[in-house]
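Q: Could we go through this model together? I would like to begin with the domains and then turn to the sheet and the chain contact.
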There are 4 protein chains.
Amino acid sequence: MDFCLIGAGFIGPVHAANIAAHPGARLRSVVDLNREAAERIVAKHGGIVAASLEAALADKGLDAVVICTPPRTHAPIIEAAARAGKAIFCEKPIDLDLARVAACGETLKRTGVPFFVGFNRRFDPTHKAMHDAIRKGDIGRLEMIVVSSRDPEISPPDYVQAMRYGIFYDTMIHDFDMVRWLTGREPVEVFACTSVMLDDKVNPVRDPDTAMVVLTMDDGALVHVNSSFRAVYGYDQRIETFGEKGMLISRNQQPTGLERYTADGIRQDPLHYFFIQRYAQAYADELDHFVRAVEAKAPLSIGFEDGRRALAIAYAAMESAKSGKPIPIKG
Amino acid sequence: MDFCLIGAGFIGPVHAANIAAHPGARLRSVVDLNREAAERIVAKHGGIVAASLEAALADKGLDAVVICTPPRTHAPIIEAAARAGKAIFCEKPIDLDLARVAACGETLKRTGVPFFVGFNRRFDPTHKAMHDAIRKGDIGRLEMIVVSSRDPEISPPDYVQAMRYGIFYDTMIHDFDMVRWLTGREPVEVFACTSVMLDDKVNPVRDPDTAMVVLTMDDGALVHVNSSFRAVYGYDQRIETFGEKGMLISRNQQPTGLERYTADGIRQDPLHYFFIQRYAQAYADELDHFVRAVEAKAPLSIGFEDGRRALAIAYAAMESAKSGKPIPIKG
Amino acid sequence: MDFCLIGAGFIGPVHAANIAAHPGARLRSVVDLNREAAERIVAKHGGIVAASLEAALADKGLDAVVICTPPRTHAPIIEAAARAGKAIFCEKPIDLDLARVAACGETLKRTGVPFFVGFNRRFDPTHKAMHDAIRKGDIGRLEMIVVSSRDPEISPPDYVQAMRYGIFYDTMIHDFDMVRWLTGREPVEVFACTSVMLDDKVNPVRDPDTAMVVLTMDDGALVHVNSSFRAVYGYDQRIETFGEKGMLISRNQQPTGLERYTADGIRQDPLHYFFIQRYAQAYADELDHFVRAVEAKAPLSIGFEDGRRALAIAYAAMESAKSGKPIPIKG
Amino acid sequence: MDFCLIGAGFIGPVHAANIAAHPGARLRSVVDLNREAAERIVAKHGGIVAASLEAALADKGLDAVVICTPPRTHAPIIEAAARAGKAIFCEKPIDLDLARVAACGETLKRTGVPFFVGFNRRFDPTHKAMHDAIRKGDIGRLEMIVVSSRDPEISPPDYVQAMRYGIFYDTMIHDFDMVRWLTGREPVEVFACTSVMLDDKVNPVRDPDTAMVVLTMDDGALVHVNSSFRAVYGYDQRIETFGEKGMLISRNQQPTGLERYTADGIRQDPLHYFFIQRYAQAYADELDHFVRAVEAKAPLSIGFEDGRRALAIAYAAMESAKSGKPIPIKG
């Protein structure tokens with residue numbers, strides 16, 4: 001399967017490396033306004049730098065695109081790729097505007113191209129083992145979920161300024177997806193509150209960098225999610241699901257299993273620094289799923305509706321934080 | 001110091017044993033409507049069964065009382081003991097009615113007797129090590145707290161019926177005290193939601209048995225507390241404090257440190273079954289503090305105001321759960 | 001049961017406190033050449049300072065003695081107490097000379113007094129859970145045992161000089177007892193090697209402070225024990241039993257369950273400092289066993305033969321270390 | 001760098017996959033008496049099936065060979081490849097006969113081809129972190145090492161029969177290499193004992209399947225290694241290094257970080273099943289080292305002398321087990 005990588009920044013090189021290493025995939029082209037970034041990827045993983053998005057999509061030999069440009073650019077790219085008949089692997093969120101997302105959905109329905117949202121955490125081996133244990137009924141009916149989801153550091157001010165309340169629809173959107181996926185259910189209400197805890201130097205925008213959310217699910221299960229844009233001990237990613245027959249914990253991960261016993265105590269490594277290290281396997285596995293499913297014309301495990309609903313929860317959380325009231329979530 | 005134990009049920013025998021084992025304390029009398037229960041304690045730990053509360057308090061040789069009767073009886077006993085000039089060690093909550101608590105407070109102020117509320121968790125060695133590390137500044141400014149506080153089983157229906165919303169003022173009241181103690185700050189708002197998850201047989205009253213709370217502290221720190229009245233793996237008591245310089249976790253405790261490696265995986269003991277096992281050391285240590293402080297005429301570490309404020313938070317949480325709205329907490 | 005404590009040093013105060021706290025025991029007298037040490041114990045836990053061993057044993061009201069004087073004095077005290085008809089609780093080793101031990105055994109057999117060797121580790125809740133799991137067949141036939149047994153610091157030079165090769169018959173003797181108890185079998189051969197690793201200041205005697213042993217059991221199971229007289233991270237006491245159906249690990253113990261996550265990594269407390277903290281529960285529990293068994297005229301769980309055999313293994317290990325050859329162990 | 005894979009069995013496919021995935025390497029040919037096995041690898045990872053070893057080595061475009069045939073065939077293949085001027089990556093052991101190994105060494109010296117022994121564990125991230133911490137002096141002078149090295153199951157009887165005492169030179173040889181690498185020192189004496197613990201069905205040859213070893217290092221440090229050919233809980237690979245300033249533990253590894261809390265206790269996954277899962281990263285990293293070092297004409301981190309010395313220790317251990325005596329190790 002021949003891929004075009006659209007967006008050579010941050011997460012782009014991760015997808016490019018996974019495409020290059022996958023026996024059934026090949027990097028055919030890269031598109032980015034920053035031509036140098038695109039060239040660096042091509043030099044390492046093969047393919048060509050396409051002159052433009054249009055040029056890339058006009059390529060008959062191209063099978064699929066991976067969209068990892070900034071969120072506000074996703075919708076038009078999705079629509080162009082869909083009209084060109086390419087299978088689409090899109091980083092979350094689909095867009096920042098729910099109406100725009102809905103319009104995208106119409107185009108996708110019309111064109112019928114395979115569409116996948118990169119909620120990579122569903123492919124993490126530990127989260128996946130939790131999901132499977134829940135489905136097997138190991139802890140019975142789910143009653144409470146507690147998710148801790150903390151980044152090691154905040155994004156640069158420009159990015160924070162462009163997103164505003166990104167803690168909900170850029171970060172927690174992953175957690176909202178995990179909750180939907182683990183429970184197989186939808187939330188009906190959200191209450192959220194936020195704080196600005198980081199200092200002016202790293203958060204001059206004073207956008208919320210600390211947040212807590214409570215969701216009520218449609219079967220009465222209660223969910224808590226907390227996030228921070230600064231965890232000095234690394235990327236803190238834990239999920240705990242509690243049910244009538246027990247509890248499952250998806251633990252944090254560390255680079256090595258070394259334990260150091262000294263007069264100061266027992267010390268282990270800090271956690272993996274960030275998502276690229278923590279979810280390296282998950283990124284490779286989601287690409288593998290995409291390639292296999294598209295080739296087999298089988299359904300993709302994460303579709304448009306998953307992307308839309310997670311975003312809707314994020315929006316309701318933001319509305320709750322702004323208003324100080326719990327907000328109902330519509331389907 | 002000579003003690004009268006008022007209430008020979010549930011937690012009474014724990015206090016009686018700690019009094020008997022303490023080099024500076026002696027069990028002088030026991031009062032309970034259930035004379036047999038009182039006699040069992042006296043047979044094991046010495047002292048006499050007093051004919052009545054009045055008779056016990058009239059005893060000139062008596063120095064102090066430990067009140068562990070049902071919550072609704074606390075206030076009149078506190079007042080009688082205060083008027084009799086005895087030092088008071090009272091199980092939480094002070095009472096179930098905030099106005100009644102206020103009246104108690106007046107009597108205590110007037111009589112000036114030492115008064116202590118049994119928030120025993122403050123004496124747990126691990127929670128205490130967390131408290132000390134926070135005070136030393138090990139994790140800098142506190143930003144988020146996550147408390148999991150789950151009982152292994154629900155109380156009998158009569159008790160549940162008598163309490164109503166006991167998940168807040170009988171159970172979480174401990175957690176609210178821990179949050180005040182660990183942060184040294186007061187919450188300004190609470191949002192709470194509840195579910196009834198247990199089946200009819202164990203929870204015929206259909207009182208909330210599952211709850212999640214978010215507190216906003218007066219410095220913007222965010223706090224989450226979750227509780228359940230049924231955790232099949234034992235008494236789940238964890239606290240996590242997150243700050244600018246790191247995170248502290250007060251882990252769960254188990255009866256032994258045995259690890260079993262078999263073809264089924266790696267298995268450890270379930271958690272301690274309930275609070276009597278989990279907080280055995282804390283109960284002994286809080287009694288020791290009470291004896292030492294009263295004898296030295298030093299201030300007690302947990303006073304009337306601590307009892308009153310934790311109850312006020314519990315009431316606001318209940319109001320939030322009933323109304324579905326966040327509720328401000330007044331001082 | 002009325003006790004005389006013989007030896008007010010190191011471990012004496014631990015036994016005195018446990019006797020004082022036990023509902024069925026009382027400290028009646030204390031004997032020590034160092035009268036001040038004896039008086040300190042009496043001031044805290046009651047009883048009288050006896051003028052001499054003879055005076056103490058002549059006391060008709062005395063039921064039992066706890067012997068915790070230096071090893072070389074045990075044998076004559078045991079014999080005197082036995083002739084006086086007192087139940088005997090003796091710290092290990094019975095003596096440093098196997099012939100002297102045999103003579104003691106004759107006296108004990110003749111007098112028939114209850115005799116107990118203080119291999120306290122058999123009463124540790126985690127080691128005991130391992131023992132019970134082995135007996136229940138949880139890991140099937142035992143095939144290998146690995147014991148790590150390291151002290152935080154070496155004894156003072158006088159003590160080291162008096163003992164010589166104490167790493168075997170003062171320290172590892174506990175581990176040899178654990179191996180016999182856990183397996184229910186006897187070793188047939190031992191190979192041992194030692195090193196002097198500590199510096200001149202703390203080990204001026206240059207007695208072995210580091211040792212490794214391999215035992216072959218009578219059913220072919222293999223056992224490794226390692227010891228050091230200096231572990232900077234605390235008292236390191238681990239046992240691992242490996243069998244056809246799995247492995248059991250008796251983990252190290254720490255003062256608190258606090259975990260600290262900072263930029264330096266994840267840190268827990270060092271281990272308990274030494275045996276008094278680590279085995280506090282075991283010391284109380286072994287006394288309780290002694291009191292109950294003697295009162296019920298039931299057999300004591302650790303007898304003379306257990307003390308003798310553990311010492312015989314220690315001697316064979318010393319001989320192996322000195323000769324550089326494996327040494328057979330006779331029954 | 002173009003590779004010929006010699007030996008398509010067991011570990012061959014692992015090396016083939018790593019070569020195929022490495023950006024600087026390519027699988028050029030595969031040699032195996034079992035042509036089907038060779039063809040399966042070629043179908044998946046490219047290259048051709050060579051008609052013979054001679055044909056493969058005659059290929060001018062070939063840069064390097066990976067030797068993973070049975071141990072007794074290594075020496076002639078090494079010599080042929082050396083004469084053909086190819087860089088050599090050889091699985092351990094170099095050969096089963098020390099004289100044959102010495103002859104190999106002469107050929108290698110004469111031809112000067114790069115030669116690497118696949119002691120893959122040196123590339124495991126956790127073992128490597130331990131090595132680096134020791135080198136940095138984190139635990140000061142090394143005093144004791146304890147290695148547990150247990151396979152999940154025994155090899156087929158044919159293999160066991162062909163090896164005899166393979167527990168030393170096929171399995172523990174890895175551990176002996178780890179000890180040399182971690183300490184930077186040589187052992188001067190070994191004592192070993194063995195047992196046959198597995199039943200007749202899986203070990204009809206009655207070759208030792210359980211072994212314990214003690215090594216004395218040239219600086220007096222003591223080392224223990226234990227091995228078993230059956231661990232029902234998975235591949236048990238732990239190393240513990242103890243020094244004057246503390247202890248380092250290289251922990252076992254599991255497939256996921258899921259924890260399950262139920263009424264039966266707290267359960268985690270069994271360990272990785274075997275070395276292919278446990279050391280997947282190490283296999284990829286050692287190939288990467290080989291490719292980079294050979295291309296840069298830099299020294300390889302594991303050379304002929306490392307392979308020879310580890311084998312010499314294994315032989316001395318076997319001699320000790322056979323004779324029941326400690327055996328000196330010559331350089």
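A: Domain bounds here come from an automatic or database domain assignment. Please note that the model is predicted.

Q: Which domains does the assignment give for chain A?
A: Chain A has domain 1 (2-113) and domain 2 (121-274 + 304-328). The C-alpha centres of domain 1 of chain A and domain 2 of chain A are 27 Å apart.

Q: And how many residues of domain 1 of chain A are in contact with domain 2 of chain A?
A: Eight residues of domain 1 of chain A are in contact with eight residues of domain 2 of chain A. On the domain 1 side, six are nonpolar, one is polar and one is charged.

Q: Turning to the sheet in chain A, what is the order of its six strands?
A: The six strands form an open sheet, ordered β3-β2-β1-β4-β5-β6 (chain A), with parallel pairing.

Q: Which are the edge strands?
A: They are β3 (48-49) and β6 (115-117) of chain A, each of which pairs on one side only. Strand β2 (residues 26-31) of chain A is joined to β3(A) by two bridges, and A:V30 stands opposite A:V49 in β3(A).

Q: Which strands does helix α4 of chain A lie across?
A: Helix α4 (residues 74-83) of chain A lies across β1 (2-6), β4 (64-67) and β5 (87-90) of chain A, and runs at about 160 degrees to β5(A).

Q: Now the chain contact: how many residues does it take from chain B and from chain A?
A: The contact takes 26 residues from chain B and 26 residues from chain A. The chain B side divides into 13 nonpolar, ten polar and three charged residues.

Terms used: Residues numbered from 1 in each chain as written. Chains lettered and ligands numbered in written order. Predicted model: local features only at pLDDT ≥ 70, side-chain atom pairs only at ≥ 80, totals over all residues. Contact = placed C-beta atoms within 7 Å. Nonpolar A, V, L, I, M, F, W, Y, C, P; charged D, E, K, R; others polar. Pairing = 2+ DSSP bridges. Helix = DSSP H or I, 4+ residues; strand = E, 2+ residues; numbered from the N terminus. Axes fitted to C-alpha atoms, helices over the stretch in contact; angles between N-to-C directions.
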